[in-house]
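Here is a short report for a reader meeting this structure for the first time. Please look over the sequence and the model before reading on.

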Amino acid sequence: MKRGLLFHGGVSGLRRGDIILPNMAEHRYVEGCPHCEAQREGVAALDPPTPPDWVYASTHKLYARYYASRAMKGDLYKVRLAQDIEESTEDPFPTWRARQATVIRVVERSIALTMKERRNLFLQWGGTEEEFELMLSISGLTELPYQPVPRRP
C-alpha cells in the first residue's frame, strides 16, 4: 500500500485540501471521439478502462499528466489517497487507487500534452515508433488542435 504523496491528473480548479472523488472527470468524454466512445464501452484502446468507483494516483508524473490532459485541460496535483487503498492492476506504470484522495498541492494547471510527450509516453507504454506514426496517420492528427494556456497554481 502506498502512503506517500502521488501524482493525480484530473479536473481543473481544485485547491489544497479539496477532496477528489470517483468520476469527477466524467466530462472528459468528447462526443464523436472514437477513443472516448471505446472508453465508455470499456474497451481499452490506448489506456485501460477506468472502473467508476476509484480515484487513481501514480508515481509516474507523465502518466498523471496524460490523465490531466484527458480531463479537458485538467490539472496535475500531488495527492494523498484515503479509504481502501490498493495497488492498481490495470495500469502500466506504478499506480494506486482508493475511494478518495486529498489534494496536497497543485503542481501544474491547464495541461495539454505536446506531441513529443505523447510519443514518449506511448513508447514507455510499450508501443513502437511505427505504431505511434500509424495511430497518427489513422487519426489525421499531426499536431495538437490547441495550445495550453498556462495558469499559475
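## Strand 1

L6, H8 and G10 face one side of strand 1, while F7 and G9 face the other, and all of them are buried. The model behind this picture is a predicted one.

Strand 1 covers residues 6-10. It is mostly covered, with 5 of its 5 residues buried.

## The partner strand

Which strand pairs with strand 1, and in which sense? The partner is strand 4, residues 75-82, and the pairing is antiparallel. It runs over 5 bridges. Within strand 4, L76 stands opposite G9.

## The whole protein

The protein has 4 helices and 7 strands. Along the sequence, their order is β-β-α-β-α-β-β-β-β-α-α.

How much of the protein counts as buried? The share is 42% of its 153 residues.

## Confidence

What is the mean pLDDT of the protein? It is 82. A pLDDT of 70 or more is reached by 71% of the residues.

One stretch to read with this in mind is residues 144-153, where pLDDT stays under 50. For these residues, the model has 20 contacts beyond four places in sequence.

Key: Residues numbered from 1 in each chain as written. Predicted model: local features only at pLDDT ≥ 70, side-chain atom pairs only at ≥ 80, totals over all residues. Heavy atoms only, no water. Helix = DSSP H or I, 4+ residues; strand = E, 2+ residues; numbered from the N terminus. Buried < 20%, exposed > 50% of the residue type's maximum accessible area, 1.4 Å probe, protein only. Pairing = 2+ DSSP bridges. pLDDT = per-residue confidence, 0-100. Contact = heavy atoms within 4.5 Å.
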